[in-house]
Amino acid sequence: SQLDELPWFREHDDRSLWVNPADAGARALRDGAPARVTSDRGEVRCVCRITAAVRPGVVSLPKGLWARHTRNGATSNALIPADVSDLARGAVYNDARVQVAAVEAAQA
């Protein structure tokens with residue numbers, strides 16, 4: 001990613017979905033276990049990281065992942081709208097509403 005040169009990103013090279021402990025508990029998600037992230041647009045299968053670094057009700061999947069970094073070859077782009085702005089036709093998203101569920105090992 002374009003931020004790879006920054007020390008914080010190098011030190012936190014984490015290709016997992018960050019989930020708050022409260023949300024993880026409510027969804028039976030375990031640290032290091034597979035998870036399914038879905039929106040009305042698509043699905044990403046990845047590994048969960050349980051951390052208080054994100055607020056309850058929020059999950060974070062890093063920008064800059066490649067298809068090889070997830071379990072189904074999809075990245076966060078699969079979850080967001082394809083809308084563009086009227087000015088320069090740039091991206092108009094900063095977030096997406098998603099659901100997260102644990103994935104059984106046989107389904108991972």
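**Note on the predicted model**

1. Contacts of Leu17. Setting aside neighbours within four places in sequence, Leu17 is in contact with Val37, Cys46, Val47, Cys48, Arg49, Val59, Ser60, Leu61 and Val100. The model is a predicted one, and these contacts are read from its coordinates.

2. Nonpolar core. The largest nonpolar core has 14 residues, and Leu17 and Leu29 touch the most other members. At least two residues of this core come from each of strand 1 (17-19), strand 2 (34-38) and strand 3 (43-50). Strand 3 gives the largest share, three residues. In soluble globular proteins, nonpolar side chains tend to be buried together.

3. Element order. The protein chain holds two helices and five strands. Read from the N terminus, the order of elements is α-β-α-β-β-β-β.

4. The five strands make an open sheet with mixed pairing, in the order 4-1-3-2-5. Strand 4 and strand 5 are the edge strands, each pairing on one side only. Leu17, in contact with Val37, Cys46 and Val59 among others, belongs to the range of strand 1 (17-19).

5. Strand 2 and strand 5 run antiparallel and are joined by four bridges.

6. Ala88. Most residues other than glycine have a negative phi. Ala88 has a relative accessible area of 72% and is therefore exposed, the cut-off being over 50%.

7. Arg89. The loop between strand 4 and strand 5 also holds Arg89. Arg89 is not a glycine, yet its phi is positive, at about 55 degrees. Is Arg89 buried or exposed? Its relative accessibility is 62%, so Arg89 counts as exposed.

8. Whole-chain figures. Of the 108 residues in the protein chain, 31% count as buried. The accessible surface is about 7300 Å², and carbon and sulfur atoms account for 48% of that area. Taking contacts between residues at least 6 apart in sequence, 68% join residues at least 24 apart.

Terms used: Residues are numbered from 1 along each chain as its sequence is written. This is a predicted model: local features need pLDDT of at least 70, side-chain atom pairs count only at pLDDT 80 or more; totals for chains, interfaces and linings use all residues. Side-chain values use heavy atoms; hydrogens and water are left out. Buried means under 20% relative accessible area, exposed over 50%, partly exposed in between (1.4 Å probe, protein chains only). Contact means heavy atoms within 4.5 Å. Accessible areas come from the Shrake-Rupley method with a 1.4 Å probe; for residues, only the protein chains shown count as cover. A nonpolar core is a set of buried Ala, Val, Leu, Ile, Met, Phe, Trp, Tyr and Cys residues joined through side-chain atoms within 4.5 Å. Two strands pair if DSSP finds at least two bridges between them.
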